[in-house]
Amino acid sequence: MEQAVKVTDEFLDSGLIVYTEGRVEGQKMKFYAQKKDRVRDYPMIVLVNAGSASASEIVAGALQDHGRAVILGTPTFGKGSVQTIIPLEDGSALRLTTARYFTPKGRSIQAQGITPDIFVADAAPEGKRGGPSRMIREKDLDHHLPGEGEKEAPQKTPGKPPEKIQEPSKKPAPGQEAKEDPPLERAVELLKTWRILNKIQPPKAS
């Protein structure tokens, strides 16, 4: 979490980055961005997918809430809990969940993750072009810590596949094969368009 706060602070000039809520006062913490000598107002796009978890979700959520970056990709993993390690006398330890992470606007990350502003699926694994990609997230795990508004972790049916994100089923024409990294390619296209659109002046009211 500390490194996530430091990374986010590089791109924000002020405001809340993340906060935690727990059962005891010692687990209630807030982290803020510090004022910079130079304003960093260049456009940003943050790429995320089901593998983006915990610290990376803090960064993406904060930048999204502050309107500092566009989040592009697929929903993140949803690991928004804080664990405390308690040493025991026999040399072992107990890992206890003691708090949850929240974005600046109060969104819980646990079991929900960060929803991107623009959805772009990753390329399917080699040999599986055109098929569905199976993405395992926190909410797909048995006995996971329920998210906000989720009373208890749903019972899993044995053999039930995790959430699927559909890839285009149409076979690409020769010379138009799927790109190696669709989210990255889309992000680069958007950043190029961003610069062009900023040069366009809105029409003046008559």
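**Exercise 1. The crossover**

What handedness does the β-α-β unit made by S3, helix H2 and S4 have?

*Solution.* The model is predicted. Step one: locate the parts. Strand S3 covers residues 45–48, and strand S4 covers residues 70–73. Helix H2 spans residues 55–65. Step two: check the pairing. S3 and S4 pair in the parallel sense over 4 bridges. Two of the partners can be named: Ile-45 has Val-70 as its bridge partner in S4, and Val-46 has Ile-71. Step three: name the hand. The β-α-β unit of S3, H2 and S4 is right-handed.

**Exercise 2. The parallel sheet**

Which strands stand at the edges?

*Solution.* Start with the order. The open sheet has 3 strands, S3-S4-S7, with parallel pairing. Now look at the ends. S3 and strand S7 (118–119) are the edge strands. Each has a single partner strand, so one side of each lacks a neighbour in the sheet.

**Exercise 3. The antiparallel sheet**

Describe the sheet that contains S1. In what order do its strands run?

*Solution.* The order is S2-S1-S6-S5. These 4 strands form an open sheet with antiparallel pairing. Next, the edges. Strand S2 (29–32) and strand S5 (81–87) each pair on one side only. Last, one pairing in detail. S5 and S6 pair in the antiparallel sense over 7 bridges. In S6, Leu-94 is the bridge partner of Ile-86.

**Exercise 4. The aromatic pair**

Find the aromatic pair in the structure. Is it stacked or edge-to-face?

*Solution.* The structure holds 1 aromatic pair. Its members are Tyr-19 and Phe-102. The ring centres are 5.2 Å apart, and the planes make 10°. Planes under 30 degrees apart count as stacked, and this pair is stacked. Now place the residues. Tyr-19 lies in strand S1 and Phe-102 in strand S6, so the pair ties together parts that are 83 residues apart in sequence. Finally, judge burial. The cut-off for buried is under 20% relative accessible area. Tyr-19, at 15% relative accessibility, counts as buried. Phe-102 is buried too, with a relative accessible area of 8%.

**Exercise 5. The nonpolar cores**

Trace the largest nonpolar core. Which element gives the most residues to it?

*Solution.* The core has 21 residues. Those that touch the most other members are Ile-17, Val-18, Val-46, Ile-58, Ala-60, Leu-63 and Tyr-101. Next, list the suppliers. Helix H1 (2–9), strand S1 (16–22), S3, H2 and strand S6 (93–102) each give at least two residues. H2 gives the most, with 5 residues. Take Ile-58 as an example. Leaving out residues up to four places away in sequence, Ile-58 touches Met-1, Ala-4, Ile-17, Val-18, Tyr-101 and Ile-109. As background, nonpolar side chains in soluble globular proteins tend to be buried together.

**Exercise 6. Positive phi**

Examine Ser-54 and Ala-111. Where does Ala-111 sit?

*Solution.* Take Ser-54 to begin with. Ser-54 lies in the loop between S3 and H2. Its phi is near 60°, a positive value in a residue other than glycine. Now Ala-111. Ala-111 sits in the loop between S6 and S7. Its phi is positive, about 65°, although Ala-111 is not a glycine. At 8%, Ala-111 counts as buried.

**Exercise 7. The whole chain**

How many helices and strands does the protein chain have?

*Solution.* The protein chain has 3 helices and 9 strands. From the N terminus on, the elements run α-β-β-β-α-β-β-β-β-β-β-α. Next, burial. Of the 206 residues, 34% count as buried. Last, contact range. Take the contacts between residues at least 6 apart in sequence: 69% join residues at least 24 apart.

Terms used
Residues numbered from 1 in each chain as written. Predicted model: local features only at pLDDT ≥ 70, side-chain atom pairs only at ≥ 80, totals over all residues. Heavy atoms only, no water. Pairing = 2+ DSSP bridges. Right-handed = clockwise from strand over helix to strand, strands pointing away. Core = buried A, V, L, I, M, F, W, Y, C linked by side-chain atoms within 4.5 Å. Buried < 20%, exposed > 50% of the residue type's maximum accessible area, 1.4 Å probe, protein only. Contact = heavy atoms within 4.5 Å. Phe/Tyr/Trp six-rings, centres within 6.5 Å; stacked < 30°, edge-to-face > 60°.
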